[in-house]
Amino acid sequence: MIYLVLINSLVVIASVLVHYEFLYRLTQCIPKMKIHHRYRIVLGVLGALTAHAFEIWIFAIAYYFYHSADGWGYLSGNVTGSFMDCGYFSFTVFTTLGFGDIQPEGDLRYLTGIESLTGLVLITWTCLLYTSDAADEED
């Protein structure tokens, strides 16, 4: 159980650090660009989407590890166990979309809940950053 908590915590920490670094770099670089404000917003959104994709793939790696290793849980349903299946599952969990065609079993369920919460928090963080930036530009 301690290994489960440790691995899940490391996955969340890695995702949060990736998100922080992406947003920090974007907020440092984009305002210095000599382009119209609306294009800076577009670049910021594209950068944020890229950050979220990296974070989702971090979770996908963990799902693949859990699914491939004995005793850690597995994915059931419409799944072959491939890395792309894990990526697809991670995208649906991170965004809390959850189609239901793939279900986590065993200890893998804990990571699924943590990813949903992490995705919600990181997406909210991104929204807060860019809405506050847009409000500052209007002042």
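These are my notebook entries on a predicted protein model.

**Ground rules.** I number residues from 1 along each chain as its sequence is written, and I use heavy atoms for side-chain values, leaving out hydrogens and water. Since I am reading a predicted model, local features need pLDDT of at least 70 and side-chain atom pairs count only at pLDDT 80 or more, while totals for chains, interfaces and linings use all residues.

**Entry 1: the overall layout.** I looked up the elements and found 4 helices and 2 strands in the protein chain. Helices (H or I, at least four residues) and strands (E, at least two) are DSSP runs, numbered from the N terminus. Read from the N terminus, the order is α-α-β-α-β-α. I also noted the box that the C-alpha atoms fill, roughly 55 × 30 × 20 Å along the principal axes.

Entry 2: I took a contact to mean heavy atoms within 4.5 Å. Among contacts with a separation of 6 or more, 71% join residues 24 or more positions apart. The chain has 139 residues, and 32% of them count as buried. Buried means under 20% relative accessible area, exposed over 50%, and partly exposed in between (1.4 Å probe, protein chains only).

**Entry 3: helix H1.** How far apart are the end C-alpha atoms of helix H1? They are 40 Å apart, which agrees with the 40 Å that 28 residues (2-29) should span at 1.5 Å a residue. The expected span is 1.5 Å times one less than the number of residues. I then listed the buried residues of H1: Leu4, Asn8, Val11, Ser15, His19, Leu23 and Leu26.

**Entry 4: serine 15.** I picked serine 15, which sits in helix H1. Is serine 15 buried or exposed? Serine 15 is buried, at 0% relative accessibility. Leaving aside residues up to four places away in sequence, serine 15 touches Glu55, Ile58, Phe59 and Leu122.

**Entry 5: aromatic rings.** I found 10 aromatic pairs in the structure. Rings of Phe, Tyr and Trp (its six-membered ring) pair if their centres lie within 6.5 Å; planes under 30 degrees apart are stacked, over 60 edge-to-face, and the rest tilted. Tyrosine 64 and phenylalanine 83 make an edge-to-face pair, 5.7 Å centre to centre with 90° between the planes. Tyrosine 64 lies in helix H2 (residues 37-68) and phenylalanine 83 in helix H3 (residues 83-94), so their pair ties together parts 19 residues apart in sequence. Tyrosine 64 is partly exposed at 35% relative accessibility, and phenylalanine 83 is partly exposed at 34%. I also saw that Trp57, Tyr64, Phe83 and Phe91 form one aromatic cluster.
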